[in-house]
Amino acid sequence: MSTQPISRRARPAKAPLSRDVIVRTGLEILDRDGLDALTMRRVAKELDTGPASLYVYVANRDDLMAAMLDEALGHVPLTAEGTWQQQLQALATAAIEAMSRHEGLATVALGAIPTGDNALLVLDRMLALLKKGGLDDTTAAWAVDLLWLHTAAAATEQSTYNTKDADEEATVTAADQRYAALPADRYPMITSLRHALFSPGDRDTWSLNVLINGILHTPAG
């Protein structure tokens with residue numbers, strides 16, 4: 001058996017580091033091993049480098065998560081068929097789906113002003129559609145903030161089912177059973193409307209319609 005040392009020149013060259021490579025690696029770890037596994041040290045190990053090398057490209061884990069969110073939003077189609085309302089619904093629905101696909105990313109959008117390139121493209125398209133609906137500048141600006149908040153919140157809720165192997169039907173059934181056992185004298189409205197509270201239907205589309213119709217009839221200022 002040969003005991004000669006292996007020359008460094010004979011080893012495969014490591015892929016050069018870049019922000020894009022780090023972001024893609026972070027998404028791979030997140031989707032494969034979950035949010036708790038996503039650390040700067042783990043990303044560095046995956047890339048066969050030291051954690052300090054990553055900080056040249058990302059400031060910290062929060063910055064990495066924000067970049068990963070923006071990468072996910074890069075898959076949102078910015079155009080659709082139909083009226084401006086239908087196009088806006090399609091855009092928001094696609095953004096919800098993109099953010100909810102990866103555990104924890106949607107929460108990054110909550111309480112944060114979008115600044116990533118792809119997030120800004122989504123916002124720019126939303127604003128264009130709102131203006132197409134005849135809204136004044138201030139109402140359109142406030143409306144896009146409300147729509148973004150709804151999108152992030154809806155994606156956060158959906159993510160719990162998409163990424164944690166949660167059974168949405170079982171969760172609803174358990175809640176329904178809990179409501180059914182409530183005393184009517186203490187919770188009269190919940191008990192009387194229990195069936196309506198758990199009624200099936202396309203609530204996502206309805207929610208967006210409520211927002212859009214409310215925006216149209218509620219000018220800012």
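Guide: R19, I22, V23, G26, L27 and L30 of α1 meet D63, L64, A67, M68 and E71 of α4, where contact means heavy atoms within 4.5 Å. Please keep in mind that this is a predicted model, in which local features need pLDDT of at least 70 and side-chain atom pairs 80 or more, while totals for chains, interfaces and linings use all residues. Residues are numbered from 1 along each chain as its sequence is written, and side-chain values use heavy atoms, leaving out hydrogens and water.

By class, the contact of α1 with α4 has 7 nonpolar, 1 polar and 3 charged residues (Asp, Glu, Lys and Arg are charged; Ala, Val, Leu, Ile, Met, Phe, Trp, Tyr, Cys and Pro nonpolar; the others, with Gly, polar). The axes of these two helices come within 9 Å and cross at roughly 85°, so α1 and α4 are roughly perpendicular to each other (65 to 115 degrees; under 35 is roughly parallel, over 145 roughly antiparallel, the rest oblique). Axes are fitted to C-alpha atoms over the stretch in contact, with angles from 0 to 180 degrees between N-to-C directions. Helices are DSSP runs (H or I) of at least four residues.

Helix α1 (residues 19-33) also holds T25. T25 is buried, with a relative accessible area of 6% (under 20% is buried, over 50% exposed, in between partly exposed; 1.4 Å probe, protein chains only). Beyond its neighbours within four places in sequence, T25 is in contact with V43, E46 and L47.

Together with L130, L64 and M68 have the most contacts inside the largest nonpolar core, which has 53 residues (buried Ala, Val, Leu, Ile, Met, Phe, Trp, Tyr and Cys joined through side-chain atoms within 4.5 Å). Among the elements giving two or more residues to this core are α1, α2 (40-46), α4 (61-73), α7 and α12, and α5 gives the most, with 9 residues.

That brings us to α5 (residues 84-100), which packs with α7 (residues 117-132) at an angle of about 160°, their axes 9 Å apart; the two are therefore roughly antiparallel. W84, Q87, L88, L91 and A92 of α5 make this contact with V122, R125, M126, L129, L130 and K132 of α7, a group of 8 nonpolar, 1 polar and 2 charged residues. L130 touches W84 and L88, and also L135, A140, A143, V144 and L147, setting aside residues up to four places away in sequence.

With helix α12 (residues 203-216), the axis of α5 comes within 10 Å and crosses at roughly 130°, which makes α5 oblique to α12. Here W84, Q85, L88, Q89, A92 and T93 of α5 face T205, L208, N209, I212 and L216 of α12 in contact, with 6 nonpolar, 5 polar and no charged residues.

Finally, the loop between α4 and α5 holds H75. H75 is exposed, with a relative accessible area of 57%. H75 and H150 are 75 residues apart in sequence and 19 Å apart in space, C-alpha to C-alpha.
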